[in-house]
Amino acid sequence: MTRKYQTHNAKEHKKQQHCPTCNRYVKHNERYPDYVCNKCIEIVTDKAGNPIIFYNITNDGHGCQGKYVEGGKIYRSSHCFINGVKCFADEAYFGGIVIRPQK
């Protein structure tokens, strides 16, 4: 008979984190405990429901800019919506874009 190793040390337990807009499991991130998953990033819209995407302005991952998927016109805000949840996009610490719910 084998016994499972059990511990009561909280640091040894794997931390779990979920997307705030769809509740999917996402990789734990200390810096961004409420970041939006990749599936939800694909359905980002403006207030009127027009699809938008966010990207870095420079090649080395700095800055944050949005644009409309259809037409490519620049979206001049960092605020967006996912499943009715108001969110904002920002430059991530080590480059890239992170989208989080507005508080």
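**View A. The open sheet β3-β4-β5.** In this predicted model, three strands form an open sheet in the order β3-β4-β5, with antiparallel pairing. Strands are DSSP runs (E, at least two residues), numbered from the N terminus, and two strands pair if DSSP finds at least two bridges between them. Strands β3 (52-55) and β5 (74-75) stand at the edges with a single partner strand each, so one side of each lacks a neighbour in the sheet. Strand β4 (residues 65-68) pairs with β5 over 2 bridges in the antiparallel sense; Lys67 has Ile74 of β5 as its bridge partner.

**View B. The open sheet β6-β7-β8.** Another open sheet of 3 strands has the order β6-β7-β8 and antiparallel pairing. Because β6 and β8 stand at the edges, each with a single partner strand, one side of each is left without a neighbour in the sheet. From one strand to the next, the twist averages 40 degrees (between N-to-C directions of axes fitted to C-alpha atoms, on a scale from 0 to 180 degrees). Strands β7 and β8 run antiparallel and are joined by 5 bridges. The bridge partner of Cys87 in β8 is Pro101.

**View C. The largest nonpolar core.** This core has 18 residues, and Val44, Phe54, Cys80, Ile82 and Ile99 have the most contacts inside it. At least two of its residues come from each of β3, β6 (79-82), β7 (85-91) and β8 (97-101). A nonpolar core is a set of buried Ala, Val, Leu, Ile, Met, Phe, Trp, Tyr and Cys residues joined through side-chain atoms within 4.5 Å; buried means under 20% relative accessible area (1.4 Å probe, protein chains only).

Residues are numbered from 1 along each chain as its sequence is written. In this predicted model, local features need pLDDT of at least 70 and side-chain atom pairs count only at pLDDT 80 or more, while totals for chains, interfaces and linings use all residues; side-chain values use heavy atoms, with hydrogens and water left out.

Terms used. Helices (H or I, at least four residues) and strands (E, at least two) are DSSP runs, numbered from the N terminus. Buried means under 20% relative accessible area, exposed over 50%, partly exposed in between (1.4 Å probe, protein chains only).
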